[in-house]
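Subject: Structure handover

Hello,

The structure is below, with its sequence. My notes on it come after.

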Amino acid sequence: MRPQEIVDQPGSSAAAEAGILSIDLSAIIANYRLVQAKAPSTRVGAVVKADAYGLGARTIAPVLAGAGCRDFFVAHLAEALELVSGLPESARLYVLNGLAPGMESLCADAGIVPVLNTLEQAREWQAYAAAAGRKLPAVLQVDTGMSRLGLGADELETLLRQPGFLDWVAVRVVMSHLACADMPDSPANAEQVRRFAEMASQLPEAEQSLANSAAVLGMSDCVGNLVRPGLLLYGIDPLSPATAGLHPAITLDARVIQVRSVQAGVGVGYDHDYVTPSPRRLATLSVGYADGWPRALGGKGAVWINDVCLPLVGRVSMDTCVADVTDIPAGCIQPGDKVELIGPHQSVSELAALLETAPHAILTGLGNRFERRFTGHALPQA
Ligand SMILES: *Cc1c(COP(=O)(O)O)cnc(C)c1O
């Protein structure tokens with residue numbers, strides 16, 4: 001899809017039956033520039049794994065490329081293969097989860113750069129390059145204290161002593177990931193930075209990449225040459241209270257599909273988890289947990305119409321949930337009306353805090369039954 005075609009699609013469609021997830025591409029670009037301003041001495045990569053956190057990587061990655069971004073991170077090779085044709089030749093796609101067994105030729109032929117996370121992966125990439133007779137690029141991940149992905153200090157030493165590794169593998173970037181970046185005061189951060197400096201110094205030719213969104217905001221000195229924000233680009237501040245001054249990039253609306261008035265003492269939803277304490281007016285909404293509208297919001301969350309907060313009552317079902325709309329005058333609400341789930345009154349961060357989960361989990365959970373509708377300025381083609 002070319003950037004010119006994705007702007008302001010008006011009208012409704014059957015795909016919008018559950019609701020509409022609107023994504024403001026101008027805001028995403030503004031956030032990209034804001035990250036660049038916060039980390040002026042580094043390149044800003046874009047983390048577009050999991051379909052750009054469920055927002056639509058095939059649209060968003062080319063738009064970011066149009067704004068100058070050249071480094072894109074995904075988790076799986078399949079995700080990279082989806083994006084490669086939409087990006088300029090000068091762009092680089094990195095596969096964070098590493099080089100899966102047998103994927104060497106697919107990866108190399110598409111010009112995708114694997115993140116080597118284990119000695120085994122490094123050896124396979126070296127062997128493939130040697131057999132193909134061409135030096136191949138890679139990112140090398142080192143584990144500095146998250147115990148998730150990457151080589152430990154001993155393994156790095158082993159690798160660098162391995163004959164031929166640096167002859168066949170061009171290590172473009174050494175990267176690591178912070179376990180506690182969302183807790184800027186944690187001593188674990190300084191310790192990881194120290195270990196990273198030590199390990200990265202053994203590959204002086206390579207660039208260095210350490211910071212995710214929280215680290216871009218929370219660390220006074222953004223270590224390295226390449227930062228890796230995801231959340232920030234999508235307008236979500238990982239720190240609380242929010243400090244970044246981001247441009248909100250998404251709104252999520254559902255629809256009212258039925259309105260009823262009920263007497264006191266009436267059970268609502270599965271297991272009659274809620275019983276009306278007095279006569280109430282109730283609206284059934286077009287979203288449920290199958291849409292990633294969390295089941296845990298039942299009896300706890302709220303939605304909005306204009307400035308009126310409407311509590312969710314009873315359990316969230318698979319395809320519906322029920323809001324108490326008694327505060328909206330009779331006749332002022334009817335099937336088809338739009339309800340704000342995420343927007344000016346309720347951010348992804350607030351929802352995540354309410355549910356004690358990560359904003360990433362809320363975003364990536366939003367399902368395929370929402371229509372993704374892109375808005376914002378058209379950009380010249382990259
Ligand atoms: C997902 C991920 C990021 C981006 O994290 P945000 O919190 O969205 O900025 C950066 N680096 C790695 C290794 C990741 O897995």
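This is a predicted model: local features need pLDDT of at least 70, side-chain atom pairs count only at pLDDT 80 or more; totals for chains, interfaces and linings use all residues.

Residues are numbered from 1 along each chain as its sequence is written, and side-chain values use heavy atoms, with hydrogens and water left out.

Whole chain

There are 12 helices and 19 strands in the chain; these are DSSP runs numbered from the N terminus, helices being H or I with at least four residues and strands E with at least two. The C-alpha trace spans about 80 × 45 × 40 Å along its principal axes. Of the 382 residues, 51% count as buried (buried is under 20% relative accessible area, exposed over 50%, partly exposed in between, with a 1.4 Å probe and protein chains only). The accessible surface is about 17,000 Å², and carbon and sulfur atoms hold 51% of that surface (Shrake-Rupley method, 1.4 Å probe; for residues, only the protein chains shown count as cover).

Taking contacts between residues at least 6 apart in sequence, 67% join residues at least 24 apart; contact means heavy atoms within 4.5 Å. The chain carries 28 positive and 39 negative charges, and their mean positions are 2 Å apart. Here Lys and Arg count as positive and Asp and Glu as negative, without His and the chain ends, and a charge is placed at NZ of Lys, CZ of Arg, CG of Asp or CD of Glu.

Ligand site

There are 14 residues around the ligand, of which Lys49, Tyr53, Ser213, Leu231 and His360 come nearest (the criterion is a heavy atom within 4 Å). Lys49 places a polar side-chain atom 2.7 Å from a ligand oxygen atom. Backbone atoms also take part: a polar one of Gly230 is 2.9 Å from an oxygen atom of the ligand, and an N or O atom of the Leu231 backbone lies 2.9 Å from a ligand oxygen atom. The ligand alone exposes 390 Å², and the protein buries 92% of that.

Tyr53 lies in helix H2 (residues 49-54). Its phi is near 55°, a positive value in a residue other than glycine, and the residue is buried at 5% relative accessible area.

Other backbone points

Glu356 also has a positive phi, about 50°, and is not a glycine. Glu356 sits in the loop between helix H11 (348-354) and helix H12 (359-365) and is exposed, at 74% relative accessible area. Ser240 and Pro241 are joined by a cis peptide bond with omega about 0°; Pro241 is in the loop between strand E10 (226-227) and strand E11 (250-262).

Two buried residues

Ile112, in the loop between helix H5 (104-109) and strand E6 (113-116), is buried at 2% relative accessibility. Leaving out residues up to four places away in sequence, Ile112 touches Leu77, Ala80, Leu81, Leu93, Val95 and Cys107.

Asp324 lies in strand E17 (residues 321-324) and is buried, with a relative accessible area of 6%. Its side chain makes a polar contact of 2.5 Å with the side chain of Thr326 (a polar contact is a pair of N or O atoms within 3.5 Å; within protein, one must be able to donate a hydrogen and the other to accept it, and residues adjacent in sequence count only if both atoms are side-chain atoms). Not counting residues up to four places away in sequence, Asp324 touches several residues, including Arg280 and Arg281.

Regards
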